[in-house]
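Biologist: Could you walk me through reading this model, one feature at a time?

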Amino acid sequence: MYVAAEGAEHHPLVPIWQELVVGTIAFALLCFVLLKFVMPRMEAMYQARVDAIEGGLKRAEAAQAEANQLLEQYRAQLAEVRTEAARIRDDARADAESIRTDILAKAREESDRIIAAGRESLAVERQTIVRELRAEVGGLAVDLASRIVGESLADEARRKGTVERFLTDLESAGAR
Amino acid sequence: MSGQFIAAEGLPWPPKVDDFYLPDLAGPWVTKFTLMIWLAVGLLIIFFMATYRNPKLVPSKGQWYAESIYGLVRDNIAREQMGKDGIRFAPYFTVLFCFIVVTNLFGITPGLQISPNSHIAFPIVLAAISYVMYLYIGVRKQGLGRYLKQSLIIPGVPWPMHVLLIPIEFLQTFIVRPVTLAVRLFANMFAGHLILLVFTVGGFVMLASDNIFIQVTSVFSFLMAILMAFFEVLVALLQAYVFVTLTANYIGTSLADGH
């Protein structure tokens with residue numbers, strides 16, 4: 001055909017060879033520059049972003065899982081602590097009860113003891129007093145009698161027996 | 001009337017093939033077409049260098065635009081057509097896509113008004129690269145014999161059919177594919193420019209008419225020209241997409257093991 005000659009007819013399907021050359025060189029230049037300087041960084045950035053997003057998601061998931069686990073753990077601990085506290089409270093209540101009964105029992109025992117001791121000492125005192133009184137009253141009575149009679153009763157034994165009998169009669173009369 | 005003033009006498013009517021071959025600016029090497037090619041190359045290099053000078057994980061606006069284009073080609077063309085293998089071709093496809101889009105859009109850019117791809121030389125260059133690429137990749141991946149066998153012989157066909165099928169398959173893979181690749185892009189841009197010429201120049205010719213009715217009708221011609229200009233935007237993007245998608249598809253079949 002009549003390629004690129006000035007003023008000649010052009011067939012639209014016949015390329016102009018200078019344009020082929022220019023197109024090849026220009027496109028090659030474009031490819032060289034962009035494929036060397038731009039596109040690798042773009043793919044790298046793409047990957048980095050995918051990593052960042054996926055990594056972020058993964059991290060978030062891990063954090064979530066950890067949080068859940070901690071929550072579970074805390075819940076378990078809390079429940080444990082609650083039962084522990086309840087147990088301690090129960091124990092304390094039981095302890096208090098037993099202490100109270102203990103103290104009560106001890107106090108009762110003590111009071112019983114004190115009362116018993118008091119009674120005993122009272123009885124002893126009474127015994128002593130009775131005994132002293134008996135001797136004294138006996139002596140006094142004998143003195144009085146001997147003074148009245150003017151002479152000492154000869155028979156000691158009889159005298160003692162008389163006094164004793166008298167006092168016993170007195171006592172039984174008093175107790176009655 | 002001003003219309004008559006603009007529509008001076010020697011309007012080129014009807015539009016002809018010669019309208020696509022403007023006088024050289026300075027010899028056959030420096031023409032409007034070669035300058036537009038350099039302009040496209042320059043614009044793309046500047047755009048990508050500017051937007052990707054300092055890429056960040058959280059992109060700036062320009063970086064986001066550049067990445068959107070890359071993402072479109074990477075995910076919607078390369079991965080769609082070729083699977084995971086396609087991603088390593090995504091950079092070249094992106095360059096190819098951008099180059100075709102920009103040169104196509106020159107067809108409706110004020111002041112340029114014609115796409116370099118309406119000269120078949122440029123689509124031929126691009127199609128030839130795709131052609132060499134898919135042949136080379138096929139032969140390198142599978143070896144010459146296996147690649148030819150895979151390309152020409154359809155498995156599971158009774159052998160007498162091969163007498164018919166092998167020439168058809170040969171024609172298909174080694175001749176029709178690259179030719180249609182180049183001609184499709186060229187013809188779309190050629191036709192698009194012709195349509196715009198028909199409606200705009202036709203509008204002026206109608207305005208220059210003596211008949212008032214024809215002068216009024218020219219309004220529709222201009223409206224149609226505007227409509228077709230928008231349509232041309234669509235065609236420009238679509239043809240770039242088709243070109244790159246088919247290239248990806250051809251390379252994909254070269255890589256594939258089966259037929």
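This is a predicted model: local features need pLDDT of at least 70, side-chain atom pairs count only at pLDDT 80 or more; totals for chains, interfaces and linings use all residues.

Modeller: Gladly! Residues are numbered from 1 along each chain as its sequence is written, while chains are lettered from A and ligands numbered from 1 in the order in which they are written.

Biologist: Which residues of α2(B) are buried?

Modeller: They are Phe33(B), Thr34(B), Met36(B), Ile37(B), Ala40(B), Val41(B), Leu44(B), Phe48(B) and Thr51(B). Because they cover an arc of only 165° around the axis, they lie on the same side of α2(B); the arc is that of the directions from the helix axis to the C-beta atoms.

Biologist: How many helices and strands does chain B have?

Modeller: Helices (H or I, at least four residues) and strands (E, at least two) are DSSP runs, numbered from the N terminus. Chain B has eight helices and zero strands. Its radius of gyration is 23 Å, well over the 18 Å that the globule rule gives for 259 residues, so chain B is more spread out than a compact globule. That radius is taken over C-alpha atoms, and the rule is 2.2 Å times the number of residues to the power 0.38.

Biologist: How many residues of chain A are in contact with chain B?

Modeller: Contact means C-beta atoms, placed from the backbone, within 7 Å. Here 29 residues of chain A are in contact with 33 residues of chain B.

How values were computed: A residue is buried if 20 or more other C-beta atoms lie within 10 Å of its own, exposed if 12 or fewer, and partly exposed in between; C-beta atoms are placed from the backbone. Two residues are in contact if their C-beta atoms, placed from the backbone, lie within 7 Å.
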